[in-house]
Amino acid sequence: MVHYIALYKLIPETSDEVIEQMIRESRSCFHRVSEAHNFRSGRNIEPENPYHFFLSADFESMEKFNMFQDDPGFIKFESKVVRINTHECREFLYETEPGKDTAFS
């Protein structure tokens, strides 16, 4: 199982209403992508943390994660929601099954 985490820095003029809309749209998008499981999104609650928005999800394998990245719904979400409201993204992938060779994730 592969766990994906994306942390985003928002552009300075992003309002709370826009962040709320990003959360709603992200959840709508991920529910339509069958490869993504245990999806989460949300806003930062720590003022000193520079990443104000996050996405995370589980995928059965790297192949499923790659399919997710190529999904038209996710591509549309990225271009119409994420890219216009953020200026930086940090993405992380973790293997969550003990003892599994990451080459086969």
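The following legends describe close-up views of a predicted model.

Residues are numbered from 1 along each chain as its sequence is written, and side-chain values use heavy atoms, with hydrogens and water left out. In this predicted model, local features need pLDDT of at least 70 and side-chain atom pairs count only at pLDDT 80 or more, whereas totals for chains, interfaces and linings use all residues.

**View 1. Overall architecture of the protein.** The protein has three helices and four strands, where helices (H or I, at least four residues) and strands (E, at least two) are DSSP runs numbered from the N terminus. From the N terminus on, these elements run β-α-β-β-α-α-β. The C-alpha trace spans about 45 × 30 × 20 Å along its principal axes. For 105 residues, a compact globule would have a radius of gyration near 13 Å, and the value of 14 Å for the protein agrees with this; the radius is taken over C-alpha atoms, and the globule rule is 2.2 Å times the number of residues to the power 0.38. Buried residues make up 37% of the 105 residues; buried means under 20% relative accessible area, exposed over 50%, and partly exposed in between (1.4 Å probe, protein chains only). Of the contacts with a separation of 6 or more, 72% are accounted for by residues 24 or more positions apart, contact meaning heavy atoms within 4.5 Å.

**View 2. Packing of helix α1 against helix α3.** Two packed helices are described by the angle between their axes and the distance between the axes. Helix α1 (residues 16-31) and helix α3 (residues 72-85) pack at about 170 degrees, and their axes are 10 Å apart. Axes are lines fitted to C-alpha atoms, for helices over the stretch in contact, and angles run from 0 to 180 degrees between N-to-C directions. Helices α1 and α3 are therefore roughly antiparallel to each other; this term applies to angles over 145 degrees. On the α1 side, V18, M22, E25, S26, C29 and F30 meet G73, F74, F77, V81 and N85 of α3. By class, this contact has seven nonpolar, three polar and one charged residues. Ala, Val, Leu, Ile, Met, Phe, Trp, Tyr, Cys and Pro count as nonpolar, Asp, Glu, Lys and Arg as charged, and the others, Gly among them, as polar.

View 3. S26 lies in helix α1 and is buried, with a relative accessible area of 0%. Leaving aside neighbours within four places in sequence, S26 is in contact with F39, S41, F53, L55 and F77.

**View 4. Cysteines C29 and C89.** The structure holds zero disulfides, a disulfide being a pair of cysteine sulfur atoms within 2.5 Å. The sulfur of C29 has its closest cysteine sulfur in C89, at 14 Å, which is too far for a bond. C29 counts as buried at 3% relative accessibility, whereas C89 counts as partly exposed at 34%.

**View 5. Backbone of N38 in strand β2.** N38 is placed in strand β2 (residues 37-43). Although N38 is not a glycine, its phi is positive, at about 50 degrees. N38 counts as exposed, at 51% relative accessibility.

**View 6. P98 in the segment after β4.** P98 follows strand β4 (86-95) and is exposed, with a relative accessible area of 81%. K9 and P98 are 89 residues apart along the chain, and their C-alpha atoms are separated by 32 Å.

Note on methods:
Parallel < 35°, antiparallel > 145°, perpendicular 65-115°, else oblique.
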